[in-house]
Amino acid sequence: MENGKAKGIRLKDGTEILAKSLVVSDLSALQTVQLIGEDHLDSKIVRRVKNIRYNRHNVIWAVLAMHELPQYKAASFNPDCGPQPRLYMGPRNADYMANQYLSEILVNGISSKLFMFLGTDTIWDKSRAPEGKHMIGIEEFAAPQGSSRLAGGRN
């Protein structure tokens, strides 16, 4: 930090790397505030970040190292299914996903139909894997601890 602005990053070993244009965080808003330090940020921003309430937790969270991007069978008949950075895979029921999925998670703790989320972030951020390789994050969501029957919350 210099004159209230992020100028780069300092690695664990003390090495400093100055940014050419801007400094970007891939962490959550709360982790980013903690890393920067509240004293370097406007108190209004800090308060707003501390008030964020997450409505989901993970049942599955995995990161896979891949030699190449996935080749989806659906790409042969659906041009929208291909190398994209975000994809939900699940039953053929877009209405359920749009209207019931999150509700079931919050009421029952987990949905009756799972929709696996895939995030191939190396499509847009090639620094996350060696050249020509990829990482794919896989997630399935559940209700936050204490907010559902599954998590021991109130009925």
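A: Let us start with a helix. In helix α4 (residues 101-108), Tyr 101, Glu 104 and Ile 105 are buried. Buried means under 20% relative accessible area, exposed over 50%, and partly exposed in between (1.4 Å probe, protein chains only). Helices (H or I, at least four residues) and strands (E, at least two) are DSSP runs, numbered from the N terminus.

Q: Where do the buried residues of α4 lie when seen down its axis?

A: An α-helix has 3.6 residues a turn, so residues three or four places apart point the same way. Here the buried residues of α4 fall within an arc of 105° and so line one face of the helix; the arc is that of the directions from the helix axis to the C-beta atoms. These buried residues pack against α3 (94-99) and β6, where contact means heavy atoms within 4.5 Å. Just after α4, Gly 109 has a positive phi of about 100°.

Q: On what kind of model do these values rest, and how are residues numbered?

A: This is a predicted model: local features need pLDDT of at least 70, side-chain atom pairs count only at pLDDT 80 or more, and totals for chains, interfaces and linings use all residues. Residues are numbered from 1 along each chain as its sequence is written, and side-chain values use heavy atoms, with hydrogens and water left out.

Q: In what order do the strands of the open sheet stand?

A: Two strands pair if DSSP finds at least two bridges between them. The open sheet has 4 strands in the order β3-β6-β5-β4, with antiparallel pairing. Its edge strands, β3 (57-66) and β4 (86-89), each pair on one side only. Between β3 and β6 (residues 134-142) there are 9 bridges, and Asn 58 stands opposite Phe 141 in β6.

Q: How many cavities of 30 Å³ or more are there?

A: Rolling a probe the size of a water molecule over the atoms shows where empty space is left. On a 1 Å grid over the protein atoms alone, a cavity is a set of points where a 1.4 Å probe fits but cannot get out, and lining residues have an atom within 4 Å of a point. Grid points are joined across faces, edges and corners, and a volume is the space filled by probe spheres set on the points. The count comes to 1 cavity of 30 Å³ or more, and the largest cavity holds about 40 Å³ of space. Among the residues that line the largest cavity are Leu 69, Tyr 72 and Ile 123.

Note on methods
On a 1 Å grid over the protein atoms alone, a cavity is a set of points where a 1.4 Å probe fits but cannot get out, and a pocket is an open set with protein on both sides within 12 Å along at least five of seven lines; lining residues have an atom within 4 Å of a point.
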